[in-house]
Amino acid sequence: MASADYTLHGAIAVITLEHAPVNALSLELRSGIAAGLERAAAAPEVRAIVITGGGTTTFCGGADVSEFGTPKMSAAPDLRSLCVLIERSPKPVIAALNGTALGGGLELAMACHYRIALASASLGLPEVKLGLLPGAGGTQRLPRLIAVDRALSMIVSGNPVPARDLAPSALLDLVVEEGVLGAALEFAARFAPEQDSPAKDALLARDTLKKARDRSVSLPNAEAFFDFARAAIAPLARNYPAPKKCIDAVEAAVLKPFDEGLALERELFVELLMSEESRALRHVFFATRTAAKVPGISADTPVRKVRSVAIIGAGTMGGGIAMAFANAGLEVTVLDATQGALDKGLGVVRRNYESTLKKGRLSQAEFERRVGAIRGSVAYEDIGSADLVIEAVFEDLEVKRTVFERLDAVMKPRAILASNTSTLDLNRIAAFTRRPEDVVGLHFFSPANVTRLLEIVRGARTAPDVLATSLALAKQIKKIGVVSGVCDGFIGNRMLNGFFQQMQLLLDVGALPQQIDRALENFGFMMGPFRVSDLAGNDIGWAIRKRHYLEHPERVYSRVPDRLCELGRFGQKTQAGWYDYKPGDRAAIPSDLVTNMILEESARLGLTRRAVSDEEIVERALYALINEGARVLEEGIALRASDIDIVYIAGYGFPDFRGGPMFYADTVGLPNILRSMRRFAQGYRGDTWTPAPLLTKLAAENRGFARWERPS
Ligand code: NAD
């Protein structure tokens with residue numbers, strides 16, 4: 001329930017935004033504010049109006065995102081007309097920024113005649129992060145209230161700034177350390193003279209003219225300034241149209257009268273609202289929030305306390321996971337089988353922190369705290385009292401067995417026992433213990449201290465409170481938790497199999513690694529698949545393939561990746577992989593040796609190599625992902641299509657402006673995808689293109705993945 005509470009403090013009317021948790025500007029709240037303004041205007045005893053936020057930490061978080069795409073968003077009064085209403089108020093309106101003011105919240109405040117802020121309040125216009133620009137006058141008012149370069153940087157980056165850094169300026173008339181409402185009332189008292197007098201009325205009339213729209217912006221050398229700004233965002237501009245339009249709008253604030261600038265802002269806003277990129281980014285925003293909603297888990301589900309964490313295995317993943325927890329303020333003990341392996345692993349962790357310290361991205365005190373938060377041990381007795389233990393030892397079921405049997409013996413009751421396995425059957429791992437309900441998969445992605453994805457693998461017997469705790473933990477360590485069912489590779493890696501298979505088969509028919517990487521990087525992937533393999537180590541995929549050869553002999557494999565590994569070309573770590581590398585340099589250099597190897601393999605297969613277009617590469621890559629995604633969805637491994645999108649964006653460098661593979665599928669249209677897949681099925685190794693039943697079904701019904709729900 002949202003409301004704008006109206007109270008009188010002597011001659012001052014206070015309108016308090018009440019819409020937990022962030023006072024989002026829903027239609028109800030906007031109507032309430034408008035009604036409050038009207039009431040204050042009509043009351044002769046009211047001399048000034050203060051608008052403030054209910055609750056303690058937020059003035060207003062901006063538009064109500066749940067109204068996006070609904071008629072409510074533009075229903076009267078919309079935010080733009082509310083801003084005009086405030087600006088035209090015959091009585092001065094003072095915003096008391098008691099906390100965060102973002103997006104529409106800051107725009108509303110800028111339409112007020114005065115602003116008093118708490119020094120720590122975060123002020124920002126983050127619309128660009130959703131592929132939009134501030135559409136209620138923000139691009140026109142902010143440059144009139146603070147320095148233009150500052151305003152531009154806030155609007156183009158979307159990053160908030162504490163109020164104390166924005167004063168003194170016309171944006172903030174007063175900044176206080178505490179008691180912002182009291183300060184605002186005191187400020188407003190100047191408009192409520194004890195005794196009316198013609199002189200005071202004159203002062204009042206002059207003062208109330210303080211409207212952002214009336215201020216002019218002066219910027220010598222405006223042309224050079226905006227040229228520079230456009231050049232600075234040029235590398236982004238191809239895939240993200242919003243920053244450029246933000247610059248256009250701010251330029252109008254400088255060069256044009258207010259109302260013309262406002263009209264341009266509106267035009268650009270509507271263009272962005274309709275753009276594919278903004279639709280995708282808004283999808284990602286909602287999908288991220290939806291991922292935390294898991295059937296059977298609610299706010300009432302109990303959560304286990306996690307204060308101390310133990311990690312088994314001080315390798316690549318163990319070290320990164322330890323850092324993720326230490327960074328979030330938890331105490332971590334890392335255990336390895338030998339002192340040598342432990343020292344090596346902790347050494348890597350320390351060097352990682354040292355390099356961040358050297359780059360100035362970590363204070364000395366924080367460096368010491370983080371390094372100090374991670375202890376090492378080789379004795380299981382040392383970790384028995386930890387609330388959570390995460391196993392990150394070799395990817396071998398027998399090694400996992402010895403570890404989990406040991407953990408079952410030493411860990412205190414109700415400790416959560418997690419595995420970071422990438423591919424193994426979590427239910428079998430859980431069965432190594434006498435407490436499968438305490439076992440869950442916590443699948444981190446390398447580098448684990450950086451990559452935002454955490455796949456939370458729900459075993460057949462995982463207890464609801466263990467799952468709820470895992471979701472809460474993900475948030476605590478600033479990861480995006482996505483729940484996955486148990487299968488080989490879970491959501492992300494399972495879908496990767498078909499994708500790699502298709503990319504490798506393309507080598508046989510005519511493409512080269514560098515062409516495939518470039519095509520997919522142009523599509524927006526952070527890195528193409530061959531560069532990724534060289535970074536992760538080709539030997540890892542080799543080991544997985546060897547297991548797959550035994551478990552899935554029926555699958556189609558290209559021989560090229562194995563031949564590469566047989567030559568010891570494991571990637572960057574051996575300075576040779578799909579590419580050549582110079583010592584100490586990560587730049588990937590196309591390799592003649594690899595090219596010859598690929599050509600030889602085509603000849604051996606009796607294939608006449610053909611030109612492969614970039615478009616075909618992208619289609620094959622994406623449709624392979626989407627096809628397996630459809631299976632993952634239909635089997636209930638992923639709870640919903642948008643979870644798959646988040647896995648790929650947060651864990652695999654999938655471009656967010658494409659919305660994730662399943663969102664992308666819906667934009668291409670499933671019948672179109674199916675048609676291409678049928679065409680591929682006619683070509684080389686066409687047997688690898690069996691459409692998933694769900695894809696075929698939805699395509700026939702001309703539906704998309706977004707709204708599909710698994711029949712329960
Ligand atoms: P790694 O080889 O770098 O490290 C494994 C560590 O475990 C080594 O330090 C080793 O000494 C230690 N170890 C082995 N047996 C042990 C035992 N019985 N008791 C205690 N310590 C033992 O491996 P990694 O890349 O960190 O992978 C670890 C796990 O994480 C695997 O299950 C892997 O599938 C998974 N994983 C890896 C990645 C990745 O990109 N490397 C990503 C996600 C998940």
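Which two strands form a hairpin, and how many residues lie between them? Select β1 and β2: they form the hairpin, with two residues between them. Keep in mind that this is a predicted model.

**Stop 1: the hairpin**

Click on G10 in the turn. Its phi is positive, about 65°. Now show β1, residues 3-9, beside β2. The two strands pair in the antiparallel sense over seven bridges. Pick out two facing pairs. D5 stands opposite T16 in β2. L8 stands opposite A13 in β2.

**Stop 2: the six-stranded sheet**

Six strands form an open sheet in the order β1-β2-β3-β5-β7-β10. The pairing is mixed. Look at the edges, where β1 and β10 (174-176) stand. Each has a single partner strand, so one side of each is left without a neighbour in the sheet. Turn the view to follow the twist, which averages 20° from one strand to the next.

**Stop 3**

Move on to the loop between β2 (12-18) and α1 (27-42), where P21 has its place. A cis peptide bond joins A20 and P21, with omega about 0°. In the loop between β2 and α1 you will also find N23. N23 is not a glycine, yet its phi is positive, about 55°.

**Stop 4: the eight-stranded sheet**

Jump to another sheet. In what order do its eight strands run? The order is β13-β12-β11-β14-β15-β16-β17-β18. This sheet is open, and its pairing is mixed. Select β13 (374-377) and β18 (480-484), which stand at the edges. Each has a single partner strand, so one side of each has no neighbour in the sheet. The twist here averages 25° from one strand to the next.

Zoom in on β17, residues 453-457, and β18. They pair in the parallel sense over five bridges. Find I456: its bridge partner in β18 is V483.

**Stop 5**

Select P447, in the loop between β16 and β17. The peptide bond from S446 to P447 is cis. Its omega is near -10°.

**Stop 6: the ligand**

Finish at the ligand. How many residues surround the ligand? There are 22, and the closest are M317, D336, E395, K400 and S422. Color them by kind: the shell divides into eleven nonpolar, eight polar and three charged residues.

Which elements supply the shell? α12 (316-327), α15 (397-410) and β16 (439-444) each supply at least two of its residues. The largest share, three residues, comes from α15.

Now check distances to oxygen atoms of the ligand.

- M317: a backbone N or O atom lies 2.7 Å from a ligand oxygen.
- S422: an N or O atom in the side chain is 2.8 Å from a ligand oxygen.
- G315: a polar backbone atom is 3.4 Å from a ligand oxygen.

Taken alone, the ligand exposes 830 Å². The protein buries 78% of that.

Definitions and conventions: Residues are numbered from 1 along each chain as its sequence is written. This is a predicted model: local features need pLDDT of at least 70, side-chain atom pairs count only at pLDDT 80 or more; totals for chains, interfaces and linings use all residues. Side-chain values use heavy atoms; hydrogens and water are left out. A residue is near a molecule or strand if one of its heavy atoms lies within 4 Å of it. A polar contact is a pair of N or O atoms within 3.5 Å; within protein, one must be able to donate a hydrogen and the other to accept it, and residues adjacent in sequence count only if both atoms are side-chain atoms. Accessible areas come from the Shrake-Rupley method with a 1.4 Å probe; for residues, only the protein chains shown count as cover. Helices (H or I, at least four residues) and strands (E, at least two) are DSSP runs, numbered from the N terminus. Ala, Val, Leu, Ile, Met, Phe, Trp, Tyr, Cys and Pro count as nonpolar, Asp, Glu, Lys and Arg as charged, and the others, Gly among them, as polar. Two strands pair if DSSP finds at least two bridges between them. Axes are lines fitted to C-alpha atoms, for helices over the stretch in contact, and angles run from 0 to 180 degrees between N-to-C directions.
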